[in-house]
Amino acid sequence: MSGQRPEHTGWFTDLDPDDLDGAATAITEGRSDQPRKWPEQAVQAGFATDEADYYDAVHEATVHATREAVRAREASDDQQLQHAIKAMDDCERTANELAERAAEWAGSLFADVDAGIEGAREVATREPETEAEGRAVSLADRAVDLADEAAAIRGFIERTAPSVAPNLAAMAGPVLATRLIALAGGLESLAKKPSGTVQVLGAEDALFAHLEGHAPSPKHGIIFTHEYVRETRLEDRGSAARAVAGKLTIAARIDHYSGDLREEVHEDLHDRIATIRARADADEEDDR
């Protein structure tokens with residue numbers, strides 16, 4: 001494995017049996033051109049007392065290497081974006097629900113109470129005179145805190161996504177880019193998916209209904225929120241969704257494998273969407 005003469009060395013050569021980090025690195029990075037009698041060589045090298053001791057050391061080192069790999073993956077930037085987008089959605093949903101509940105409660109106690117987060121902000125500034133008013137004001141304050149936390153997380157996403165996936169963030173916007181990464185399970189996973197899968201990410205329920213014969217094939221998933229899809233007329237929306245999904249897939253692959261910003265990919269998408277939308281103009285001319 002490691003060393004200039006693999007026939008005479010193993011991954012355990014010159015390794016302290018108690019050095020788990022060193023053993024994990026040696027096993028992860030080591031190479032051998034063919035199987036060898038590693039337990040026997042380990043005993044001869046003084047790394048293990050017998051074959052069972054050798055396999056115990058291999059087990060501990062591989063488990064340690066796996067734990068370190070999982071820890072590194074969980075701490076990666078694209079994993080942090082996945083946690084952030086889920087947390088932002090949870091905060092926004094809960095804030096809206098609490099704001100509506102606070103507005104309903106406060107409306108029975110105060111005059112001129114508006115619905116929504118802005119209504120909750122106004123209620124939270126009031127001075128309660130009864131215990132019931134105090135609880136309604138406190139509930140509104142909690143809704144405002146969650147809405148502010150959601151806004152702070154959105155800011156984190158908008159600052160972080162362009163550095164993790166520059167092309168994807170530039171093409172889709174930081175929030176949609178992060179949603180695509182989260183739905184795929186990471187940037188690497190997204191980069192390996194075909195464009196047809198990227199096109200329907202987020203439309204899994206509709207896709208399964210189609211596969212069971214209960215619904216037509218979905219034309220798009222979450223990429224519907226992209227302006228190039230959403231603002232294209234209905235009869236051309238499938239073409240727009242395919243074009244956007246294709247370029248998003250290329251953008252994800254560039255981001256994962258090289259990481260440099262490539263303007264030509266964005267210009268290609270702009271030109272393709274312009275061509276698709278020109279059909280609407282041509283049809284209007286024909287109708288006159």
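In the predicted model, the largest nonpolar core comprises 44 residues, of which Ile 157, Leu 168, Leu 180, Leu 190, Leu 248 and Ile 273 touch the most other members. Two or more residues of this core are supplied by each of the helices α4 (77-107), α6 (131-164), α7 (166-172), α8 (174-184), α9 (187-191), α12 (227-230), α13 (237-257) and α14 (263-287). Among these elements, α13 gives the most, with nine residues.

When neighbours within four places in sequence are left aside, the contacts of Leu 190 are with Leu 168, Leu 180, Ile 181, Ala 184, Val 198, Leu 201 and Ala 252. Two of these partners, Leu 168 and Leu 180, are themselves listed with Leu 190 among the residues that touch the most other core members. For Ile 273, with residues up to four places away in sequence not counted, the residues touched are Tyr 228, Ala 240, Ala 243 and Val 244.

The axes of α13 and α14 come within 10 Å and cross at roughly 180°. Since angles over 145 degrees count as roughly antiparallel, α13 and α14 are roughly antiparallel to each other.

His 266 has a relative accessible area of 17% and is buried, whereas Glu 267, at 46% relative accessibility, is partly exposed. The assignments of the two residues follow because the limit for burial is 20% and that for exposure is 50%. The side chain of His 266 is joined to that of Asn 167 by a polar contact of 3.3 Å. Apart from neighbours within four places in sequence, His 266 is in contact with Asn 167, Ala 170, Met 171 and Leu 261. As for Glu 267, its C-alpha atom is separated by 22 Å from that of Leu 190, and the two residues are 77 residues apart along the chain. Leu 190 and Asp 260, in turn, are 70 residues apart in sequence, with a C-alpha to C-alpha distance of 17 Å.

Helix packing was also examined around α4. Two packed helices are described by the angle between their axes and the distance between the axes. The axes of α4 and α6 come within 8 Å and cross at roughly 155°, which makes α4 roughly antiparallel to α6. In this pair, α4 passes α6 in a left-handed crossing. For α4 and helix α5 (residues 116-124), the axes likewise come within 8 Å, and the crossing angle is roughly 55°; the two helices are therefore oblique to each other. The crossing of α4 past α5 is left-handed. Residues Ala 95, Asn 96, Ala 99, Glu 100 and Ala 106 of α4 meet Gly 116, Ile 117, Ala 120 and Val 123 of α5.

Backbone geometry was considered at two aspartates. Asp 112, in the loop between α4 and α5, has a positive phi of about 55° although it is not a glycine. With a relative accessible area of 71%, Asp 112 is exposed. A positive phi, of about 60°, is also found at Asp 14, again a residue that is not a glycine. Asp 14 is placed in the segment before α1 (20-29) and counts as exposed at 81% relative accessibility.

Methods:
Residues numbered from 1 in each chain as written. Predicted model: local features only at pLDDT ≥ 70, side-chain atom pairs only at ≥ 80, totals over all residues. Heavy atoms only, no water. Core = buried A, V, L, I, M, F, W, Y, C linked by side-chain atoms within 4.5 Å. Buried < 20%, exposed > 50% of the residue type's maximum accessible area, 1.4 Å probe, protein only. Helix = DSSP H or I, 4+ residues; strand = E, 2+ residues; numbered from the N terminus. Contact = heavy atoms within 4.5 Å. Polar contact = N/O pair within 3.5 Å; in protein donor to acceptor, adjacent residues only side chain to side chain. Axes fitted to C-alpha atoms, helices over the stretch in contact; angles between N-to-C directions. Parallel < 35°, antiparallel > 145°, perpendicular 65-115°, else oblique. Left-handed = near helix turned anticlockwise from the far one by under 90°.
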